[in-house]
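Visitor: Hi! I'm new to reading protein structures. Could you walk me through this one?

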Amino acid sequence: MAAYKGHHYAGANNHFWRCLYESGLVPEKLTHLDDVRCPSYGIGLTNMVERTTRGSADLSRQEMRDGKDELIRKVEQYKPLIVCFNGKVIYELFSGSKCTVGRQKDPIPGTNTVVYVMPSTSGRTQTYPRATDKIPFFVELKTLREEVKRKNADTCIGKQ
């Protein structure tokens with residue numbers, strides 16, 4: 001649906017936009033049509049692989065390697081404080097190892113960017129099928145964002 005509509009998280013059963021607002025990460029209700037406004041809230045959206053698929057199983061190893069390299073390049077260029085992976089599967093493909101949801105111990109390779117993994121916001125996710133199941137992870141991400149911003153500000157002050 002996202003590819004068809006040309007906007008991130010455009011599916012009617014995707015909980016991304018509701019969770020983003022109800023967690024307090026953004027101060028107003030947004031929809032997939034507002035995805036271009038996310039940078040004004042300090043949120044960037046991207047994909048590991050730009051082509052559409054039904055699922056990660058449809059991606060080749062080469063596409064994943066290329067996608068990983070491109071994501072690292074974007075992180076090096078834009079220097080976000082946090083990169084959040086929407087779904088364990090995509091992070092596990094990126095990292096090459098199993099994980100649990102939440103903050104990961106290792107940053108994005110070659111950077112200091114913190115990694116956070118949340119359950120997929122797709123309504124098809126069996127472990128967390130409702131938006132209310134996912135909102136706590138968005139709240140935790142908001143808390144992590146505030147903590148990392150504070151730490152970064154303290155580090156910058158300490159350097160002066």
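Guide: Happy to! Helices (H or I, at least four residues) and strands (E, at least two) are themselves DSSP runs, numbered from the N terminus. This is a predicted model, where local features need pLDDT of at least 70, side-chain atom pairs count only at pLDDT 80 or more, and totals for chains, interfaces and linings use all residues. Residues are numbered from 1 along each chain as its sequence is written, and side-chain values use heavy atoms, with hydrogens and water left out.

Visitor: How many of the residues of S3 are buried?

Guide: 5 of its 5 residues are buried, where buried means under 20% relative accessible area, exposed over 50%, and partly exposed in between (1.4 Å probe, protein chains only). In a regular strand the side chains alternate between the two faces of the sheet. Both faces of S3 are covered, with Val114, Tyr116 and Met118 on one side and Val115 and Val117 on the other.

Visitor: New topic! Which residues touch the most other members in the largest nonpolar core?

Guide: Those are Leu20, Ile82, Tyr116 and Phe138, in a core of 21 residues. A nonpolar core is a set of buried Ala, Val, Leu, Ile, Met, Phe, Trp, Tyr and Cys residues joined through side-chain atoms within 4.5 Å. Helix H2 (16-22), S3 and helix H5 (131-159) each supply at least two residues of this core, and the largest share, 7 residues, comes from H5.

Visitor: What is isoleucine 82 in contact with?

Guide: Contact means heavy atoms within 4.5 Å. Leaving aside neighbours within four places in sequence, isoleucine 82 is in contact with Thr113, Val114, Tyr116, Leu141, Leu144, Arg145 and Val148.

Visitor: Let's do a helix. Which residues of H4 are buried?

Guide: In helix H4 (residues 88-95), the buried ones are Tyr91, Glu92 and Phe94. They sit on the same side of H4, because they cover an arc of only 160° around the axis. That arc is taken from the directions from the helix axis to the C-beta atoms.

Visitor: What covers them?

Guide: The cover includes helix H3 (61-78), strand S1 (82-86) and strand S3 (114-118). The charged end of lysine 68 also sits over the ring of phenylalanine 94, 5.4 Å from its centre. For that label, NZ of Lys or CZ of Arg must be within 6 Å of the ring centre and within 35 degrees of the ring normal.

Visitor: How many aromatic pairs are there?

Guide: A search of the whole structure finds 8. Rings of Phe, Tyr and Trp (its six-membered ring) pair if their centres lie within 6.5 Å; planes under 30 degrees apart count as stacked, over 60 as edge-to-face and the rest as tilted. One of the pairs is tyrosine 9 with tryptophan 17, edge-to-face at 6.5 Å centre to centre and 75° between the planes. Phenylalanine 85 and phenylalanine 94 form a tilted pair, 5.1 Å centre to centre with 45° between the planes, and both residues are buried.

Visitor: Is tyrosine 9 buried or partly exposed?

Guide: Tyrosine 9 has 22% relative accessibility, so it counts as partly exposed, whereas tryptophan 17, at 7%, counts as buried. Tyrosine 9 lies in the loop between helix H1 (2-5) and H2, and its phi is near 55°, a positive value in a residue other than glycine.

Visitor: Last one: where is proline 119?

Guide: Proline 119 is in the loop between S3 and H5. Its relative accessible area is 4%, so proline 119 is buried. Lysine 88 is 31 residues away from proline 119 in sequence, and the two are 6.2 Å apart in space, C-alpha to C-alpha.
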